[in-house]
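Reader: Please show me the sequence and the structure, and then take some questions on them.

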Amino acid sequence: MKTISLAIDGLPFELTRLRVGGVYWVACADAGHADLFAAGVLAGSDALPLAVVAALGRPPASMVAPLTAEQGPARIRLYEAAVADLAPALRALPADLARCAGAHGTLCVVQVPAAALESLEGPHLAHWCRQLHDWASAGGHCVLLLCHGEAATLAPRLLPLNPLCSGVAQLYPHRGALQYLVHYWSNAEGVFAHRDFEARWSGVRLGVVADGDGAAAAALAHEGGDRFLYLAQADALEGAPPFSPAWRLFENWSALVGAALQAQAATVVLSIGENADVDALARIVFQLRSERGNGLKLVVREMQPCLRYADERLLLESGASLVAPANLPLARFLTLLETIQGQTWQGRLPDDPERLIRLHRPPDVGGIVTPAQFRQLAVELLDQGGGVVESAVLVLQPVAGVSPVQALQQLQMRRRGDFACMYAGQVWLFLFACRSDGVERALGNLFRLPWRELFDGYERQAGHDVAAMSAATGGFAAAPPQQMPPPEPAAPAPSWTAPRPIRLGGEG
């Protein structure tokens, strides 16, 4: 078998090679990154006679679409497992690859949703990896598994299986930039562990970026200049006077930004008290970060509870160093300011702040929708988000005696971007910008009655589960008709009787 190498420009030579008979894992934030990663590997493998390109839960053609006619191995065989058959297809993957591959020396590039791996626990995952390892070793094949989705728990599960897995790496977004983290990697050059790089795409080629101006940033953090200067809105200090000559207070954003545009490493404190101001503040933070560089410490203090999870993420990815929550005592806030001194911002700004703002804004839809609308909206939002905002798709099973229509009558959705449908006797919810640790709190706010009295529980769904909605019951036509539940009748107004005077005690 010819030498196989990851097509990552600038990555040290020893971290690019894949050995014959090896099984390698690369976890990607989303399927789009996995497609490009696969295309890059295939484009650099034009000396191979055969490659198998497989995908579980989605078409594999997207991995070869970026290739020109001259790129890639001489022959490519595509293999796809339907969404509805994901779990059994995952268990059967070693046998299916053996049927698709040649007798010897085949490169197999396989996309696997991270959610599908949850069904393989403990010894089952080890047995599955051993099947792949033994087949690849016996036939001189090489298997590259591209896992996409929520893969935070994947590496801890694979690290103990290093005799069966030759390498584990991760490509993930971090503060507007991509990071390529090598957990461990083994090949003919040796064994290597825990190397982290900043990465960027150039077409289908992934490249890692050198540390760049790390020395200059360190020098900036330790030099004199304005690094001890604090430029702050007056209301961010709750009416307190300047604490020292190093503090300069301003009455509004406009005045503060004028001074901050002259700073290099100062601490700039901006306040916000209304959710309607989030987008404007994100543009200000982006302007300051893009024009004044990474040495500036940009801090946003929430004066009234007004920032949701998506708003905080937007501000941080627009260049903020810190977002301080409301109700934080002033003394604690000042302590937080001390913790960021000497630091430089480590993210990477997008080219267009408006696109970043759009990704963090909910769609102009909410309430009860049809199953077809639910699937279309949910799939679009999950795909276009690219992991920027974490949203939740939930399936709730009504308790015995409660129909889905009755359960939906208790639903009260106030936020844009939250919508629901009744499908296959269950209630499906899409909660925009809802983190895992906030699901149950959100359910408590969505239903008039306690949600645990209405449902037996909930299950989180991945993107491929939403895409499989129509297949689960043979099409949307089989699902119950979707109608907005009729509003509950208003309670009758209480009758009012005028008070009558009464006399206490005997006659006098």
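The questions below go through strands, helices and loops in turn.

Author: This is a predicted model, in which local features need pLDDT of at least 70, side-chain atom pairs count only at pLDDT 80 or more, and totals for chains, interfaces and linings use all residues. Residues are numbered from 1 along each chain as its sequence is written, and side-chain values use heavy atoms, with hydrogens and water left out.

Reader: How many residues of strand E5 are buried?
Author: Helices (H or I, at least four residues) and strands (E, at least two) are DSSP runs, numbered from the N terminus. Buried means under 20% relative accessible area, exposed over 50%, and partly exposed in between (1.4 Å probe, protein chains only). On one side of E5, Leu50, Val52, Ala54 and Leu56 are buried, and on the other Ala51, Val53 and Ala55 are buried too. For E5, residues 50–56, the count is seven of seven.

Reader: Which residue in E6 is the bridge partner of Ala55?
Author: Two strands pair if DSSP finds at least two bridges between them. E5 and E6 (residues 75–81) meet this in the parallel sense, over seven bridges. The partner of Ala55 there is Glu80.

Reader: Which residue in E7 does Ala54 stand opposite?
Author: E5 also pairs with E7 (residues 107–113), in the parallel sense and over five bridges. Within E7, Ala54 faces Val110.

Reader: Is H8 roughly parallel or roughly antiparallel to H9?
Author: Axes are lines fitted to C-alpha atoms, for helices over the stretch in contact, and angles run from 0 to 180 degrees between N-to-C directions. Angles under 35 degrees count as roughly parallel, over 145 as roughly antiparallel, 65 to 115 as roughly perpendicular and the rest as oblique. H8 (residues 253–260) and H9 pack at about 10°, with axes 11 Å apart. The two helices are therefore roughly parallel.

Reader: How do the residues of the contact of H8 with H9 divide into nonpolar, polar and charged?
Author: Contact means heavy atoms within 4.5 Å. H8 gives Trp253, Val257 and Ala260, and H9 gives Ala280, Leu281, Ile284, Gln287, Leu288 and Arg292. Ala, Val, Leu, Ile, Met, Phe, Trp, Tyr, Cys and Pro count as nonpolar, Asp, Glu, Lys and Arg as charged, and the others, Gly among them, as polar. The division is seven nonpolar, one polar and one charged.

Reader: Which helices and strands do the buried residues of H10 pack against?
Author: In H10 (residues 309–317), the buried residues are Tyr309, Ala310, Asp311, Leu314, Leu315 and Glu317. They pack against H9 (278–292), E16 (297–302), E17 (322–324) and H12 (353–360).

Reader: Is Ala433 buried or exposed?
Author: Ala433 lies in the loop between E21 (426–431) and H15 (439–446). Its phi is positive, about 50°, although it is not a glycine. With a relative accessible area of 10%, Ala433 is buried.

Reader: Is Phe228 buried or exposed?
Author: Phe228 is in the loop between H7 (214–222) and E13 (230–233). Ala266, 38 residues away in sequence, is 6.3 Å from Phe228, C-alpha to C-alpha. Since its relative accessible area is 53%, Phe228 is exposed.
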